[in-house]
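This report describes selected features of the structure shown below.

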Amino acid sequence: MRIREFVAHKSKFILSYSFVLLLLIMGARLLQDRSWFLGIFAFISAILIFYVYCIARKVPLKYLLPGVLLLIFFQIYPAVYSGYVAFTNDSNGHQLSKTQAVNAIIDDSLIPVDGIEPISYVVAKVEATKSLVVIFQYPAGTYWAGNSQLLRRLKLSQLEREPDGRVKQASGYVVFNSEQSAAYANELQNIRIKIDDSTSLQPVDIDLMEAFQPSFKYSEIGDILTDLNSGQVYSPNDNGQMVSASGEVLYPGWKVNVGWRNFSSIISDEEVKRPLLAVLLWTFVNAFLVVVLSFLMGLSLALVFNFQHLRSRRFYRTIFIMPMAIPSVLSVLVWAGLFGTETGVIDRLFHISTPWLTDNLWARVAVLIVELWLAFPYMFLICTGAIQAIPNEILEAAEIDGASPLKSFRLIKLPLVMRTIAPLLVSSGAMALNNFGAIYLLTGGGPVFSNSNGNAGATDILISYTYKLAFNSQEGNNYGLASALSILNFILVGAISVYGLRKMKTMEGVN
Amino acid sequence: MSQQKFIDSKRVKFWIKKILWRHIIGAFVVSFSLFPLVWMASAAFDVTGQLSTQQLIPLHHGLDNFVQLFSNKEKPFLTWARNSLIIAFSAAALQTAIGALAAYSLSRHRFKGRKLTLTTIIIVQMFPQLLAATTLFLIVNSLGNTFPLLGLGHQLPLILLFGGTALGVNTWMLKGFFDTIPSEIDEAATIDGASHLMIFTKIIIPLAVPVFVVISLLSVIGILNEYLITSVILGLDGKNMTVAVGLQQFIYGQYGKNWGPFAAGALLATVPVLTLFIFLQKYLVSGLVSGSTKG
C-alpha cells in the first residue's frame, strides 16, 4: 500500500514535469519559427504550470489552470485581438503592412524596358532538387539557369547547343522540349529573375522573356513614392494609402491605426447607421419574444403535463424535448426548405401562398416559429424540474387552507419556479441576443433592405449583420468596422446579462 | 351494480374533464415538435427527391437518396460521420473534464478572486466567437507552420479549441450540483486523511455521474451543431469536413437539387443522437434542475 501511494505521489510530479518540458520545447520551436506570441505563450504556460503544480501547491489553482489556459488562448486572446482590430482600418485592400503594400504597388507597376530585346529561353528542371528553372543567355554568350529564388551561371562546357545558340542539353538539368514546357505555363508566369536592382526578366510567352522595370520608385527619405514616367509624387495619408497632391490614390493600401473612427462612423455614417437602428430594434424584439414565448409555452406545458393521472405524460415529455436532440444546423436547414413559398411543404399543407422568406413581416414570423421550436423544449424541461422540486406539503397545506388552483399557482408555484429558473432565463436571453445560427441558416438575414448595400435585412440581428460586414460583404469586407460592432454587441449583451443576474440576486446568492 | 355504474360514469366524467383536453393539447404540440423530423424522414425515402412535390407519405419510396449519398465521392458522408464522432466525443470529454475540475475548486475551495472568476467565465462566453474566427484561423495557421499536427485541417486544434469554451455555463451547472453535496462528507473524509484529489475522485465524481451524463450529452450536441469555426479550422476539403459542415455546404442555396440526399444524410445524423437522447432523458430533468437550483 505504501509503495502504491509513493508511486501515485511521484507520478503526479513526473506528469507535470514532462508536460512543462513539452511546453518548453514547443515554445523554443515556435520562437525559432518567429511565432513570437505563440512561443511566449507556451513559455508562460510552462512557468505557470511549474509554479502551480510543483512549487506553490495552490490547491484551487490546480483545478482551475487547465481551463483557464485554454480559455485565455482560444477565447480571451481572440477577443482582445478583435479589440485591437476595431481601432484599425483593417478591410479588403488594407491588410498588408506598409512595406508589403509599397512593394506590391511597385511590383504591379512593371513596364517593359526599351533597350533590351526579348530573350528566348528553354524550360528545365534541376536534377538534384527538381525545381523548375529557365535557361537563357544574357548577354549573348553568357548562359544562366534561374527562377525567382536562384540564379546560377552555367559553364559552356556544361552545355550542348543548337547551331543558333539554343540550349539542347545541360548537365545537371533535365531540359524540356516546347510541348513538355507548355505543361508548366502557370508556374512560368510567376517567375521573376532579378538581373540588377530594378530590372527583372519575366516569361511573356512559352519561350520568350522580356525585361521589366517598375515605373515606381520608393524613397525612404521623405517617405515618398515617385512615378518615374510622369514625375508624379505620392505620399502616405492617414488612412494607410499613397496619395498624390491631386488626390489620386494608389492600391493596395495598408493597415493603420485609425483611433475611434470605426466607432464614430457607427453613429455618424449614414450608410452604417440607417440599417443599424432597424437591426438593433429587431435584435431586442426578437430576443425578448423568443424568451417570453418559449418560457410561457414551456411553463404551461409543464403545468398541464405534470399531472399524475395522465398515464402517457412520460411519452409526451419524450416527444416534446426531441427538438433539443436534433442537430440544430440540420433542423434549421430542413425548416428553411419547408418554408419555401408555394413549393414548400407548409404552404402546400395549408393551401396558402405565404411569402415566408421574401416578405419582411413573414420572414420575421418564420424566424420566431423556428426559434420557438428550438427553445421551448429546454424551457419545458427546466420548468418541469422546478415544479417537481416544490415540496408537496406546501401545495397540500395551501389546498387545506382553501386556496383555489389559480391562487396556489400564482402565490406558490410561480414564485418558486421563478426563483429557480430566473437565472436561466437571463442566460437564455443572452443566447437569444447572439443566436446567429438560426437566423443565418434560415433567412441569411434577409429579405435585404434596399438601402443597406446588401449587408442588412429584416431578420438580421446585430451579430449576423456584423458577420456579413466582416466576411460576406458585397463592397469588400470591413474587419475594422465589424470588430467595432462586435465589441459593442459584447458590451450590450454583457451589460444586460450582468444587470439581469444582479436583478435576480443570483450574484449575491453565489456562495 | 349501480355503484359500479356510478364509479364508471364518474371516471368518464373525470377523464373528459381532466384528461381529454390534455391529450388534445398534447397532439398539437407533438405535431409541432416532430414536424421537421417527420418531413426529413419522408424526404429521405422519397425517390423523386423533389422539395416541391414532396408528400407526407412518399408516392415512390425507396433507398435511392441513401445510395446517392453514399456513392458521392466528393461528399464522403461516412468520412464526415467518422470525423464528427471523433471530434464530438473527444471534445465533449475534454470539456466535461475541464469543467468538472474547475467546478470542484469553485464549489469546495475558498480563495481570493473566486466570485470574479465565476462572473468572468460567464461574461467571456458572451463574446461572439464567430467574430474571433479570423484570429483563430491565424493562430492555428501559424501553429501548424511549426507543428503540422496542430495546424489547419487537423482535428487536434479544434478539439483543444472546444476545450477552451469549457469554462462557462457547464461549469456553473456542475458547481451548482457540487454545492448540493453536503460538505460534511468532505470534512469527514479529510479527518480520515483523504486528500483533496481523493475527495474529488472518490466522493464527488461518483455522486455526480448523472450530471456528467447530462453535461456531456449537451456538449456533444453543441459540438455537433458547430459549423462556422469548424469549417474555418478544418477547411472545406471534402475529407476533413464534419457532418454539420458537409451537409450545410451540400444544401445551402440548392434546395431544389440536393433535397433528397440531404434529407437522407440529416436523418442518418439525427437518429443516433436522438436515440442517445431518449435513452438518457431520465437524467435530463434531474440533471438540468439540480444544477441550476443553487446557481
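In chain A, strand E6 (residues 159-161) and strand E7 (residues 167-170) run antiparallel and are joined by three bridges. Within this pair, Arg161(A) stands opposite Val167(A) of E7(A). Five residues lie between the strands of the E6(A) and E7(A) hairpin, and Gly165(A) there takes a positive phi near 95 degrees. Strands (E, at least two residues) and helices (H or I, at least four) are DSSP runs numbered from the N terminus, and two strands pair if DSSP finds at least two bridges between them.

The model is predicted: local features need pLDDT of at least 70, side-chain atom pairs count only at pLDDT 80 or more, and totals for chains, interfaces and linings use all residues. Residues are numbered from 1 along each chain as its sequence is written, chains are lettered from A and ligands numbered from 1 in the order in which they are written, and side-chain values use heavy atoms, with hydrogens and water left out.

**The five-stranded sheet**

An open sheet of chain A consists of five strands in the order E12-E13-E14-E15-E16, with antiparallel pairing. Its edges are strand E12 (216-219) and strand E16 (249-250), each of which pairs on one side only. The table sets out two of the strand pairs.

| Strand pair (chain A) | Bridges | Opposite residues |
|---|---|---|
| E12 and E13 | four | Phe216(A) and Asp227(A) |

Helix H4 (residues 98-108) of chain A lies across E12, E13, E14, strand E15 (242-244) and E16, and runs at about 155 degrees to E12(A). Such angles run from 0 to 180 degrees between the N-to-C directions of axes, which are lines fitted to C-alpha atoms, for helices over the stretch in contact.

H4(A) is also tied to the E12-E13 loop by a charged pair. Lys98(A) and Asp223(A) form a salt bridge through their side chains (2.5 Å, N to O). Lys98(A) belongs to helix H4, Asp223(A) to the loop between E12 and E13, and the two are 125 residues apart. A salt bridge requires a side-chain nitrogen of Lys or Arg within 4 Å of a carboxyl oxygen of Asp or Glu. Over all chains, the whole structure holds five salt bridges.

**Backbone geometry in loops**

Most residues other than glycine have a negative phi, and most peptide bonds are trans. Arg34(A), which is not a glycine, has a positive phi of about 65 degrees; this residue lies in the loop between helix H1 (2-32) and helix H2 (36-56) of chain A. The peptide bond joining Tyr251(A) and Pro252(A) is cis, with omega about -5 degrees. Pro252(A) is located in the loop between E16 and helix H7 (261-268) of chain A.

**The interface of chains A and B**

Contact (heavy atoms within 4.5 Å) involves 102 residues of chain B and 94 residues of chain A. The two chains bury about 8900 Å² between them, 78% of it on carbon and sulfur atoms; buried area is the accessible area (1.4 Å probe) that two parts lose on being put together, summed over both. In chain B, Phe32(B), Met126(B) and Phe127(B) lose the most area to chain A, together 8% of what that side buries. Helix H1 (residues 2-45) of chain B supplies the largest share of the side that touches chain A, 19 residues. No salt bridges are found across this interface.
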